[in-house]
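Student: Let's walk through this one together. Can you take my questions one at a time?

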Amino acid sequence: MVIIGDIHGDLGVIYSLIEKLPENSNIIQLGDFGVGFSDINYSDKLYKLNYRLKQKKINVYVCRGNHDDPSYFKGQYVDDYNLKLIPDYSLINIEGKNVLFVGGGISLDRSYRAEGRSYWKEEKVVSNLEVLKNIESVDVVVSHIAPSFCHPSTWNDFVKRWVSVDPSLSIELKEERKILDDVFYFLREERKFKIKNWFYGHFH
């Protein structure tokens with residue numbers, strides 16, 4: 001199992017891995033794949049990539065990031081595709097491990113982006129602890145953002161600059177990380193799952 005971070009539409013990263021990895025490998029991508037992001041030809045690119053993945057018998061599991069169009073993550077790119085765009089709060093067994101996908105995040109620079117093309121109101125992380133009551137076990141969690149007890153613990157100058165021009169951003173950034181805190185504590189304290197690993201992207 002190979003886990004990679006944000007690629008922002010650079011599908012060459014995936015093609016490079018396809019050539020290096022053996023058949024029947026699995027790749028987990030942690031969001032900001034670039035799905036539908038300001039590119040009207042992106043669907044065609046996804047189909048071509050999926051065809052190459054099928055040839056090599058490699059699966060790519062994509063967690064939803066803030067730089068991904070949420071409409072692509074409704075389940076239509078899962079069952080019949082090797083490039084699998086995973087709906088939020090899906091539990092997927094990959095190489096014998098139950099992997100929970102919790103997608104979403106806030107675009108820091110949303111105030112200057114175009115809604116529906118480079119920014120989506122639905123891009124945020126959503127809380128859905130109810131679904132976690134019905135799963136049997138979780139070994140690994142993958143998400144785009146991280147719980148608040150993970151790095152980074154402070155804002156850098158880039159974040160501070162966008163907070164200064166987007167008044168509600170400060171509160172929302174704290175809220176989204178708390179949602180991930182709630183997921184972690186619910187899995188650990190309520191469900192008593194022993195989470196072996198939590199992988200996330202976004203902070204780069």
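Student: What covers the buried residues of α2?

Tutor: Quick ground rules: this is a predicted model, where local features need pLDDT of at least 70, side-chain atom pairs count only at pLDDT 80 or more, and totals for chains, interfaces and linings use all residues. Numbering runs from 1 along each chain as its sequence is written, and side-chain values use heavy atoms, leaving out hydrogens and water. Helices (H or I, at least four residues) and strands (E, at least two) are DSSP runs numbered from the N terminus. The cover over the buried residues (under 20% relative accessible area, 1.4 Å probe, protein chains only) includes α1 (12-20), β3 (59-62) and β4 (83-85).

Student: How wide an arc do the buried residues of α2 cover around the axis?

Tutor: They are Y42, L46, L49, N50, L53 and K56. They sit on the same side of α2, because their arc, taken from the directions from the helix axis to the C-beta atoms, is only 120°.

Student: And which residues are exposed on the other side of α2?

Tutor: Exposed means over 50% relative accessible area. On that side, the exposed ones are K48 and Y51.

Student: Where is S90, and which residues is S90 in contact with, leaving aside neighbours within four places in sequence?

Tutor: S90 is in strand β5 (residues 90-94) and counts as buried because its relative accessibility is 17%. A polar atom of its side chain lies 2.8 Å from the backbone oxygen of P87.

Definitions and conventions:
Polar contact = N/O pair within 3.5 Å; in protein donor to acceptor, adjacent residues only side chain to side chain. Contact = heavy atoms within 4.5 Å.
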